[in-house]
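Visitor: I would like a close look at one part of this model: the aromatic rings and their surroundings. Could you walk me through them?

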Amino acid sequence: MLAPPSRPLGPVLLSLRIVPTTTTTSQTAAILSSSLALQQQQRRYQCQLTNRPLSKPSHRITALFTTTSTNLTIRSNSTSPSATPSPSPTTTPTKPPNAPHNPLTWPTFLTLRRTRRRYNLLSSLLTSLFTTTAGISILSQQSLESISLFGLDPFIVLGLCTAGSGGVGWLMGPFVGEAVFGVRYRGWRGEIEEKEKDLFRRIKQHRVDPSGASSSNPVPDYYGEKIDSVQGYRNWMKDQRAFNKKRQNFL
């Protein structure tokens, strides 16, 4: 009579529980299948020796095999290249049309101040030319008898009316120039106003007292209208000190 196999079932279960992490899914499944088949052969041989009917495989081994296969399948799906989330594309932020521009510096502000003065001068020339032309065209349609005013000669009246129409156009020029300049540099309108207030505060603080002015010592640019650069502001400060010094020496 043959002796039952001496190999216990513990190592088989241990081999089923401990699976190297370095093996692939197919290799692990093959190892589990061969271990389960070997255990079934051992139980079949033991039943033949003891004349007992062969029972069904152990539910513990079947459940372990099923659970291990499921875990391996989930692990394989989670580590597959297709399951790896693709990185979101980086979007380059676009600058909105109304994005804030660079801050207005003093040299830029003084340059814009000079540009605005040129706008006003050019506008005054154009508007005076327009109004003068319009006045001449209107006066040319009138008779000399109807043009006489306060008993003055009609030609003198024509000259005064022509000069008056030109003066009205000259006074209208700065308003037109300011409007054109505001539309041209509307992005800096608020900053220009703040710089204007700051500059006028400085001028008001450092300008001279006009009560001490004379024909030999006139007031040097009382409102600072000729300041169009940083160097121009420094020269204006020098003129104010020179005026005060000359007035003290005169007194």
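Guide: Happy to! A residue counts as buried when its relative accessible area is under 20%, and as exposed when that area is over 50%. By that cut-off, 23% of the 251 residues of the protein chain are buried. Please keep in mind that this is a predicted model.

The protein chain has eight helices and zero strands. Among its contacts with a separation of 6 or more, 72% join residues 24 or more positions apart. The chain exposes about 18,400 Å², and carbon and sulfur atoms supply 62% of that area.

Now to the rings themselves. There are five aromatic pairs. One of them joins Phe181 and Tyr185, whose ring centres lie 4.9 Å apart with 45° between the planes.

Another pair, Tyr222 with Tyr223, is edge-to-face: the centres are 5.1 Å apart and the planes stand at 90°. Both partners are partly exposed, Tyr222 at 25% relative accessibility and Tyr223 at 49%.

Let us return to Tyr185, where several features come together. Ring pairs tie Tyr185 into a cluster with Tyr119 and Phe181. Tyr185 also has a charged neighbour: the charged end of Arg184 sits over the Tyr185 ring, 4.8 Å from its centre.

Key:
Residues numbered from 1 in each chain as written. Predicted model: local features only at pLDDT ≥ 70, side-chain atom pairs only at ≥ 80, totals over all residues. Heavy atoms only, no water. Phe/Tyr/Trp six-rings, centres within 6.5 Å; stacked < 30°, edge-to-face > 60°. Buried < 20%, exposed > 50% of the residue type's maximum accessible area, 1.4 Å probe, protein only. Lys NZ or Arg CZ within 6 Å of the ring centre and 35° of its normal. Helix = DSSP H or I, 4+ residues; strand = E, 2+ residues; numbered from the N terminus. Contact = heavy atoms within 4.5 Å. Areas by Shrake-Rupley, 256 points an atom, 1.4 Å probe, with all protein chains shown as cover.
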